[in-house]
Amino acid sequence: MSRETKPTRRRFVRKLLLGATLTPLALTRFEVSNAADQPLLSPDDPAAAKVRYTEDATKEKSAKGHSCATCGLYEGPYNSTQGPCQIFPDKAVKAAGWCTAWAPQL
Ligand code: SF4
C-alpha cells in the first residue's frame with residue numbers, strides 16, 4: 001500500500017510547493033498591471049501644482065539632479081518610465097518627474 005501512495009503524496013507535495021512559490025509571483029504581477037492602469041498625473045492638477053510637480057526634473061533647478069525614479073515615495077518598478085507615488089493616490093507620475101516632496105530612499 002505504501003508503494004502506491006508515495007507517488008501520489010509526492011505529487012501532492014510538489015504541487016503544494018509549486019503553488020506556494022507561484023502565488024506571490026502571480027499577486028506581484030497583478031499589482032504591477034494595476035499600477036500601469038492608473039491615469040498619469042498632470043502638472044496642472046491643483047494637488048500637483050501645490051508641490052510644483054513637473055514631468056521633467058531636468059528643467060527644474062530645485063530638483064538638484066533628483067527625480068521621481070530616485071524618490072523614496074515612488075512605487076514604480078525598477079527601470080519603469082512611470083508609476084504610482086505615495087502622495088498622489090490613484091495617479092501615476094513620470095519616473096523622470098520631480099516635486100518639492102521628493103524624499104531620499106531609505
Ligand atoms: S513625491 Fe517623489 S515620486 Fe512623488 S511626485 Fe514627488 S518626487 Fe515624484
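Author: Helices (H or I, at least four residues) and strands (E, at least two) are themselves DSSP runs, numbered from the N terminus. The model is a predicted one, in which local features need pLDDT of at least 70, side-chain atom pairs count only at pLDDT 80 or more, and totals for chains, interfaces and linings use all residues. Residues are numbered from 1 along each chain as its sequence is written.

Reader: In what order do the elements of the chain run from the N terminus on?
Author: The chain holds 2 helices and 2 strands. Read from the N terminus on, the order of these elements is α-α-β-β.

Reader: Which element of the chain has the lowest mean pLDDT?
Author: pLDDT is the predictor's confidence in each residue, from 0 to 100. Over the chain its mean is 84, and 74% of the residues reach 70 or more. Where pLDDT is low, the predicted coordinates should not be read in detail. Among the elements, helix 2 has the highest mean, 98, while the lowest, 61, belongs to helix 1 (residues 2-36).

Reader: Is Pro 89 buried or exposed?
Author: Pro 89 belongs to strand 2 (residues 88-94). A residue is buried if 20 or more other C-beta atoms, placed from the backbone, lie within 10 Å of its own, exposed if 12 or fewer, and partly exposed in between. Because Pro 89 has 9 C-beta neighbours inside 10 Å, it counts as exposed.

Reader: Is Lys 94 buried or exposed?
Author: Lys 94 also has its place in strand 2. Two residues are in contact if their C-beta atoms, placed from the backbone, lie within 7 Å; leaving aside neighbours within four places in sequence, Lys 94 is in contact with Glu 55, Cys 68, Thr 81 and Gln 82. Since 23 C-beta neighbours lie inside 10 Å, Lys 94 counts as buried.

Reader: Which residues of the largest nonpolar core touch the most other members?
Author: A nonpolar core is a set of buried Ala, Val, Leu, Ile, Met, Phe, Trp, Tyr and Cys residues joined through C-beta atoms within 7 Å. In soluble globular proteins, nonpolar side chains tend to be buried together. Here the largest core has 16 residues, and those touching the most other members are Leu 41, Cys 68, Tyr 74, Val 93 and Trp 98.

Reader: With which residues is Trp 98 in contact, leaving aside its neighbours within four places in sequence?
Author: Trp 98 is among the core residues that touch the most other members. Its contacts beyond four places in sequence are Thr 54, Ala 57, Glu 60, Ala 63, His 66, Ser 67 and Cys 68.

Reader: Which residues around the ligand are the closest?
Author: A residue is near a molecule if its C-beta atom, placed from the backbone, lies within 6 Å of it. Ala, Val, Leu, Ile, Met, Phe, Trp, Tyr, Cys and Pro count as nonpolar, Asp, Glu, Lys and Arg as charged, and the others, Gly among them, as polar; the shell divides into 12 nonpolar, 1 polar and no charged. Of the 13 residues surrounding the ligand, the closest are Cys 68, Cys 71, Tyr 74, Cys 85 and Cys 99.

Reader: What is the phi of Lys 64?
Author: Most residues other than glycine have a negative phi. Lys 64 lies in the loop between helix 2 and strand 1, and it is exposed because 9 other C-beta atoms lie within 10 Å. Although Lys 64 is not a glycine, its phi is positive, at about 50°.

Reader: Which residues does Gln 105 touch, not counting residues up to four places away in sequence?
Author: Gln 105 lies in the segment after strand 2. With 9 C-beta neighbours inside 10 Å, Gln 105 counts as exposed. Beyond four places in sequence, Gln 105 touches Thr 70 and Gly 72.
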